[in-house]
2 protein chains.
Amino acid sequence: MPSASASLNGVNLRAVGALVESVRSNPAAAKTQWRSHVRWAGGFKSESRSRNQSGVPSDEPDALGGDDTAPNPVEQLLAALGNCLAVGYAANATVAGIRIDSLELELQGDIDLHTFLGLGSGNAGFEAIEVKVRLASDAPREALDQLHAKVVGTSPVGHTLGRAVPLRIDLAR
Amino acid sequence: MPSASASLNGVNLRAVGALVESVRSNPAAAKTQWRSHVRWAGGFKSESRSRNQSGVPSDEPDALGGDDTAPNPVEQLLAALGNCLAVGYAANATVAGIRIDSLELELQGDIDLHTFLGLGSGNAGFEAIEVKVRLASDAPREALDQLHAKVVGTSPVGHTLGRAVPLRIDLAR
């Protein structure tokens with residue numbers, strides 16, 4: 001196995017290694033908290049912000065009564081999963097000395113609108129989510145299969161979707 | 001209760017009503033499929049696209065080895081939930097004749113990085129997600145509580161997160 005270069009896949013392996021060492025020596029460093037602030041912008045439009053990043057718009061397609069100016073929330077959820085898996089491939093491939101030439105993910109899922117529209121009481125969300133990963137690399141297939149298994153088994157968004165997460169949604173008084 | 005104006009809250013009630021009637025007369029019209037295409041852009045950066053919308057960037061913060069240029073995937077997931085709830089409030093308030101003066105949602109959740117970093121085998125995702133909703137309206141508190149219950153009970157992203165969703169993630173050969 002080639003030694004993992006600091007520049008392989010454009011991943012900052014030194015920063016990742018420092019984080020791993022920090023968590024090893026102080027397990028509490030692994031406890032992270034994440035936030036998003038969403039502001040409604042009229043109709044079905046809204047904007048989210050996290051930390052010091054630019055706002056990200058949200059809207060619904062025409063067919064759902066929106067103005068069709070941005071991906072909608074369920075598309076954003078699929079994107080979050082795909083982006084999370086992409087980070088996982090990049091990080092784990094780099095640690096394993098695997099060069100990624102290109103990586104694309106196609107995500108899709110079905111939703112039955114009956115419940116959202118108030119016409120039923122079943123599952124309003126995705127019944128299942130399918131992801132097709134296309135990873136170009138000259139690494140042996142076995143190494144890529146191991147990489148894939150590791151990524152799927154450790155994805156924060158993947159784990160969040162694969163389990164029932166307690167949600168506490170409070171309307172302020 | 002005031003009659004629901006076509007322009008209340010900026011919601012296109014005619015389009016929503018047409019969708020409801022379409023699903024009532026043809027239940028198969030409620031079956032919708034959603035997609036996102038994610039392309040890795042080097043390091044921990046990637047970009048997602050849905051339909052004809054602009055690409056949306058993703059990155060990780062410095063502390064996680066990223067270049068800190070965009071919200072990260074777990075922040076995107078929180079944003080998807082907040083944006084979905086915002087659509088739910090706008091749609092259901094409009095149907096109920098409730099005017100929304102402003103609406104903001106603060107979302108947060110904790111993640112333990114041990115599993116993502118390969119230092120453990122527990123839950124890599126959100127342990128729980130908390131949402132504080134601030135809705136300004138002159139509607140009676142009871143009407144807002146009913147609205148809130150309806151929105152929380154019918155949110156596609158909320159249902160997706162609140163259940164264990166089957167994920168099928170395949171590496172193409």
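Me: What's the strand order in the open sheet that ends in β6(B)?
Reply: The order is β3(B)-β2(B)-β1(B)-β4(A)-β5(A)-β6(B), 6 strands with mixed pairing. Two strands pair if DSSP finds at least two bridges between them. Helices (H or I, at least four residues) and strands (E, at least two) are DSSP runs, numbered from the N terminus.

Me: Before I go on, what am I looking at here, and how is it numbered?
Reply: It's a predicted model, where local features need pLDDT of at least 70 and side-chain atom pairs count only at pLDDT 80 or more, while totals for chains, interfaces and linings use all residues. Residues are numbered from 1 along each chain as its sequence is written, chains are lettered from A and ligands numbered from 1 in the order in which they are written, and side-chain values use heavy atoms, with hydrogens and water left out.

Me: Back to that sheet: which strands stand at the edges?
Reply: β3 and β6 (167-171) of chain B. Each has a single partner strand, so one side of each is left without a neighbour in the sheet. On average, neighbouring strands of this sheet are turned by 20° against each other, direction ignored. Angles run from 0 to 180 degrees between N-to-C directions, and axes are lines fitted to C-alpha atoms, for helices over the stretch in contact.

Me: How do β1 and β2 of chain B pair?
Reply: They're antiparallel, over 4 bridges, with β1 covering residues 31-40. Val38(B) sits opposite Ser48(B), which belongs to β2(B).

Me: Which helix packs on the sheet and touches β6 of chain B?
Reply: Helix α3 (residues 141-154) of chain A. That helix touches β5 (126-136) of chain A as well as β6 of chain B (contact means heavy atoms within 4.5 Å). The direction of α3(A) makes about 160° with that of β6(B).

Me: And what's the order in the sheet that starts with β3(A)?
Reply: That open sheet runs β3(A)-β2(A)-β1(A)-β4(B)-β5(B)-β6(A), 6 strands with mixed pairing. Here β3 and β6 (167-171) of chain A are at the edges with a single partner each, so each has one side without a neighbour in the sheet. From one strand to the next, the twist averages 20°.

Me: Is β6(A) parallel or antiparallel to β5 of chain B?
Reply: Parallel, over 5 bridges. Leu167(A) is across from Ile129(B), which is in β5(B).

Me: What does α2(B) lie across?
Reply: α2(B) lies over β1 (31-40), β2, β3 and β6 of chain A, plus β4 (102-112) and β5 of chain B, and runs at about 30° to β1(A). α3(B) packs on the sheet too, touching β6 of chain A and β5 of chain B, and its direction makes about 160° with that of β6(A).

Me: New topic. How much space is in the largest pocket?
Reply: About 420 Å³. On a 1 Å grid over the protein atoms alone, a pocket is an open set of points with protein on both sides within 12 Å along at least five of seven lines; a cavity is a set where a 1.4 Å probe fits but cannot get out, and lining residues have an atom within 4 Å of a point. Grid points are joined across faces, edges and corners, and a volume is the space filled by probe spheres set on them.

Me: Which residues are closest to the centre of that pocket?
Reply: Of the 21 lining residues, the closest are Ala91(B), Asn92(B), Val95(B), Ala96(B) and Lys150(B). α3(B) gives the most to the lining, with 5 residues. The lining has 15 nonpolar residues, 5 polar and 1 charged. Ala, Val, Leu, Ile, Met, Phe, Trp, Tyr, Cys and Pro count as nonpolar, Asp, Glu, Lys and Arg as charged, and the others, Gly among them, as polar.

Me: Which way does phi go for Asp68(A), positive or negative?
Reply: Positive, about 60°, though Asp68(A) is not a glycine. Most residues other than glycine have a negative phi. Asp68(A) is in the loop between β3 and α2 of chain A. Asn9(B), in the segment before α1 of chain B, also has a positive phi, near 65°.

Me: Is Asn9(B) buried or exposed?
Reply: Buried, at 9% relative accessible area. Asp68(A) is partly exposed, at 23%. Buried means under 20%, exposed over 50% and partly exposed in between (1.4 Å probe, protein chains only).
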